[in-house]
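This report examines selected local features of one protein chain. The sequence and the coordinates are shown first, and the discussion follows.

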Amino acid sequence: MLALHATGLHESTAPTSVIETIDRLGVLQIDSVNVFERAHYMPLFSRLGAYDKAELDNLHGGKHPVLIEYWAHEASFIRTEHYPLFGFRQEYNQRGTRERWEIWAAKNREFLDWIQGEIRTRGPLSTSDFEHERAERKGSWWGWSDVKHALEYMFMYGELVSGGRDGFSRLYALPEQVLPKRLMAKQVDPMVARKQLLVKSAEALGVATGKDLADYFRQNFVKVKPLLAELVAEKKLVPAQVEGWKDLAYIPASLDVAATVAEVGKSSRTTLLSPFDPLVWFRDRAERLWNFTYRIEIYTPEPKRIYGYYTLPLLWRGKVVGRVDLKNDRQSKTLLVQSAWHEEFGSASDVKSGLALGEKDMPALAKDLAKHLREMAKWQGCKTIEVKQKGNLSAALAAQIR
């Protein structure tokens with residue numbers, strides 16, 4: 001309940017606009033997979049319903065944008081105002097050494113300066129906008145060209161910033177081409193920034209362990225662990241014991257726990273979630289909250305896939321209870337349900353207490369999911385929905401769709 005309230009997936013706390021949703025979440029992860037819809041559009045739909053994607057697109061890019069892209073979780077949109085909080089990341093990589101990047105950059109400084117000069121003269125540019133013999137892709141560095149390698153290095157270190165996107169291609173810009181002077185001049189003490197990000201994580205998650213909080217903005221848990229005690233002493237976080245969790249949990253001091261608990265039993269959304277939705281992106285937490293084991297099977301050879309290529313977790317009545325493999329066949333304007341699964345039925349006592357699904361839940365679950373899929377189809381401009389007979393929920397769902 002606390003988690004759903006905090007992240008805006010309970011009807012009583014549902015946001016009403018794109019920017020309100022992003023303010024609640026603090027970060028919106030970007031991903032290139034477009035089988036159904038790109039990852040940064042999905043968490044907004046899960047909370048707002050059918051919204052105009054242009055509302056998000058118009059918030060980033062250009063001079064003084066409301067949103068900017070950086071490595072906040074993975075590649076993500078954040079409030080431009082929060083960009084200075086990640087100054088510590090531009091100086092030190094939380095996931096390991098950057099030595100090979102720095103050695104490469106030192107050897108290629110003249111090349112990097114040339115790229116900056118091109119951007120200074122021509123304005124924000126994508127990788128494909130550079131005409132240079134070193135613009136050809138290679139077999140190493142994820143297949144990156146030297147141009148892409150240089151752009152990503154300077155973006156990581158803050159020498160360049162995101163100037164928006166052209167389609168799905170990131171535009172790279174000089175900071176002065178995008179940021180207001182006051183933000184360019186703003187420096188935040190690394191420990192202060194880390195603590196602010198931990199509090200933002202807690203506010204977005206509702207209840208979380210220290211590792212959950214660290215993962216939210218990809219901080220190193222060993223580094224931030226002492227800061228959690230400081231935040232408790234400063235009355236910004238409240239420690240809590242959660243039944244079944246071995247690690248201490250934390251609740252943001254700003255959360256009214258009593259008022260939230262009083263709403264138990266009220267409506268929570270039925271929605272499919274992006275694999276990169278903050279509610280489920282840290283798989284360990286999803287297992288602790290709902291005993292929901294979730295992995296993306298994109299990189300699993302097809303014969304070894306269990307659930308499907310790109311399954312979306314299904315939130316229903318306050319629990320993640322299944323997964324659906326969706327595909328938007330844009331040519332035929334058909335929403336394809338490649339597979340639909342519910343979690344295994346629980347014991348009689350777990351079903352009675354609401355902790356697990358029972359067989360009697362199937363008609364209501366299928367009906368609610370069918371309604372949600374119709375909303376998704378309309379949002380995507382699909383005219384029909386086709387349910388393939390794969391998965392233990394597919395037959396009931398197909399009957400409801402018909």
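Which backbone nitrogen does the side chain of Ser145 reach? In this predicted model, the side chain of Ser145 reaches the backbone nitrogen of Lys148, at 3.1 Å. Ser145 lies in the loop between α7 (109–122) and α8 (146–157). Its relative accessible area is 2%, and Ser145 is therefore buried, given that the term applies under 20%.

**Strand pairing**

Two groups of strands are described here. Strand β12 (residues 334–342) pairs with β11 (residues 319–329) in the antiparallel sense and with β13 (residues 384–387) in the parallel sense.

| Strand pair | Sense | Bridges | Residues facing each other |
|---|---|---|---|
| β11 and β12 | antiparallel | eight bridges | Val324 and Ala340 |
| β12 and β13 | parallel | four bridges | Leu336 and Glu386 |
| β2 and β3 | antiparallel | five bridges | Leu67 and Arg79 |

Strand β12 is mostly covered, since eight of its nine residues are buried. β11 and β12 form a hairpin with four residues between them. In the turn, Lys333 has a positive phi of about 55 degrees.

The strands β1, β3 and β2, in that order, form an open sheet with antiparallel pairing. β1 (28–29) and β2 (67–71) stand at the edges and have a single partner strand each, so one side of each is left without a neighbour in the sheet. Within this sheet, β2 pairs with β3 (residues 75–79).

**Nonpolar cores**

In soluble globular proteins, nonpolar side chains tend to be buried together. The largest nonpolar core of this model holds 100 residues. The members that touch the most other members are Ile115, Ile119, Leu213, Leu272, Leu326, Leu373 and Leu397. Helix α17 (residues 362–380) supplies the largest share of this core, with nine residues. A second, separate core has 11 residues, among them Ala3, Trp290, Phe292 and Val320.

What does Ile119 contact when its neighbours within four places in sequence are left aside? The contacts of Ile119 are Pro124, Leu125, Phe130, Leu151, Leu160, Tyr172, Ala173, Leu174 and Gln177.

Methods:
Residues are numbered from 1 along each chain as its sequence is written. This is a predicted model: local features need pLDDT of at least 70, side-chain atom pairs count only at pLDDT 80 or more; totals for chains, interfaces and linings use all residues. Side-chain values use heavy atoms; hydrogens and water are left out. Buried means under 20% relative accessible area, exposed over 50%, partly exposed in between (1.4 Å probe, protein chains only). Two strands pair if DSSP finds at least two bridges between them. A polar contact is a pair of N or O atoms within 3.5 Å; within protein, one must be able to donate a hydrogen and the other to accept it, and residues adjacent in sequence count only if both atoms are side-chain atoms. A nonpolar core is a set of buried Ala, Val, Leu, Ile, Met, Phe, Trp, Tyr and Cys residues joined through side-chain atoms within 4.5 Å. Contact means heavy atoms within 4.5 Å.
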